[in-house]
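Biologist: I would like to learn how to read sheets and helix packing in a model. Please take me through some cases.

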Amino acid sequence: MSTYAEFYRRSIDDRDAFWAEQARLIDWKQAPRTICDDSKPPFTRWFAGGTTNLCHNAVDRHLATRPDQPALIYVSSETGAERTYSFRQLHAEVQRAAAALRSLGVQKGDRVLIYMPMIAEAAFAMLACARIGAIHSVVFGGFASVSLASRIEDATPKVIVSADAGSRGGKVVAYKPLLDEAIRLSSHKPQSVLMVDRGLAPMESVAGRDHDWAALTEKHSSVSVDCEWLDSTDISYILYTSGTTGKPKGVQRDVGGYAVALAASMKHIFLGEPGETYFSTSDIGWVVGHSYIVYGPLLAGMATIMYEGLPIRPDAGVWWSLVEKYKVTSMFSAPTAVRVLKKQDPAFLKKYDLSSLKALFLAGEPLDEPTAQWISDGLGRPIIDNYWQTESGWPILALANGVEMKTSKFGSPGLPMYGYDIKLVHESTGKELTAPGEKGVVVIEGPTPPGFMQTVWGDDQRYVDTYWHTVPGRTVYSTFDWGIKDKDGYFFILGRTDDVINVAGHRLGTREIEESISSHPNVAEVAVVGVADSLKGQVAMAFVVPRDTAGLTDTAARLKLEGDIMKVVDEQLGAVARPSRVHFVNLLPKTRSGKLLRRAIQAVAEGRDAGDLTTIEDPTALQQIRDLMAP
């Protein structure tokens, strides 16, 4: 294709032929019979009849051509550990982990929950699950017991893989007590728990249930475990994402479509070539870590860096030192991380040789133009924003510079990616908006492309009800994001249409936080909104009506209650969900029919006009919040 416009158009107009070509980027044991089966919308089945395996494509197939090339580079600035695994060594480690899981009774289709810090064993465990056809569900290591318990209950894992502790900023976070409490809280009990002992925190072992990773994998060090050839439409993993209701949604992803989508994205979007090095600064608990720490780079025959630590420890040059040392060609991070670095000495950006770096990709929350310009000037390298979701698995909007070089527009994540039929529609009427600058909801016309979520784990109806909406003449997938498009077709994302907030790239449901705060005995009512923040993009802010206001007249008492409420959220959901502030009010602003005026609360908290308030029951409720927000 001579232009990206032609490439994109073919992906929409000649869909099956286009994706049949992309499918050649991976190995198939049995070739697909049907490229796209969309006979039961919105449930699209990609490459039906084909059999393949993610682990084979990420590891085994490279043994013939690059067995001793670096595959996984593990670096921890927290513990000082640093080790490189070749494809041959990675293959051996994954087989040991697969044999260990098999010895614990794990078979094809069983769930394995992985609750781990950013250590090499976490990648071994994910790839081992993929190898034997088990369905992994990785839970971010920062989540507390209540959040972890809800995921254990929903995924019903046969085995949980965890570690004694993680470390962040030199502070050890013990995982085992959190895991034990989560298992106690959950109605589902795993048969076995496999623990990696890093020597960071003491662990109490449960007899008959808990097993030591090192001992069990060593016991199976000579066992050969073949890849299980899976149907393309079999489930590869479940990854939970916050929604507008309290219960997180288990995003369910397939095997074949996901492998093809990632392989294609590494070539067309992320400029990855075999033998090069990829560095994503995310965490395996998020979708970026699944797609672009573990699977994507390895599918492309690249080395991938798995980093445990902060961007400013031991100093603000640590990431760039890794780019120089390992000759990183493509790097993927988040706008929040760049805003953190922006506060550090800019000399660190010039200290290391970054000539190997083709581009820095950024995603996770909207990238503001000043931040993009700052890092672009500092690195002297292309900065490529991209926009996507846990649900999509790979970028929806970006630049496919592997097809045709395009210029980034700072503030825009770019153009619709191949396979995505993107539209902007009016919020109320569903009418398509085509004029430049018109604000609408970003939607995707079905069928969704390979790599997209199949459904919500165990709840097809929730998938339909949550995401798919009928607009004039058709049914579309809603991203729940506002957007506009300029005259060149570049999109700009303006924020959420629902009650999900984006804190430093972490999606949090305000309802989840509200439910946690409501469990405090002195909370009668609570509203949580996302408020714009110069560093994190958004922060959660809570407004609480106390049950008993006696004793809250002085500042010290209010601060103590605020701290107690924050502690409840820390214990139940983890520090990632902690509100930036908890403010106390006598009543919350509502309509006369009792609906909470969240948009008005958010606007006032951000210093904006609250808009039409003709339906408000008591204007003094909003005035209280204005007074609290006054400088």
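Predicted model: local features only at pLDDT ≥ 70, side-chain atom pairs only at ≥ 80, totals over all residues.

Modeller: Residues are numbered from 1 along each chain as its sequence is written, and side-chain values use heavy atoms, with hydrogens and water left out.

Biologist: In what order do the three strands of the open sheet stand?

Modeller: Some terms come before the case. Strands (E, at least two residues) and helices (H or I, at least four) are DSSP runs numbered from the N terminus. Two strands pair if DSSP finds at least two bridges between them. Here the order is β31-β32-β33, with mixed pairing. β31 (523-533) and β33 (581-584) are the edge strands, each pairing on one side only. From one strand to the next, the twist averages 25°; angles run from 0 to 180 degrees between N-to-C directions, and axes are lines fitted to C-alpha atoms, for helices over the stretch in contact.

Biologist: How many bridges join β31 to β32?

Modeller: There are 10, and β31 and β32 (residues 537-546) run antiparallel. In this pairing, A527 is opposite F543 of β32.

Biologist: Which helix packs on this sheet?

Modeller: Helix α16 (residues 555-572) does, touching β31, β32 and β33. Contact means heavy atoms within 4.5 Å. The direction of α16 makes about 130° with that of β33.

Biologist: In what order do the strands of the seven-stranded sheet stand?

Modeller: The order is β5-β4-β17-β16-β18-β19-β20, an open sheet with mixed pairing. The edge strands β5 (82-86) and β20 (383-385) each have a single partner strand, so one side of each is left without a neighbour in the sheet. Neighbouring strands are turned by 20° against each other on average, direction ignored.

Biologist: In what sense do β19 and β20 pair?

Modeller: β19 (residues 359-362) pairs with β20 in the parallel sense, over three bridges. F361 stands opposite I384 in β20.

Biologist: At what angle do α17 and α18 pack?

Modeller: Helix α17 (residues 598-605) and helix α18 (residues 619-629) pack at about 25°, with axes 9 Å apart. Angles under 35 degrees count as roughly parallel, over 145 as roughly antiparallel, 65 to 115 as roughly perpendicular and the rest as oblique. α17 and α18 are therefore roughly parallel to each other. The residues in contact are A600, I601, V604 and A605 of α17, and L622, I625, R626 and M629 of α18.
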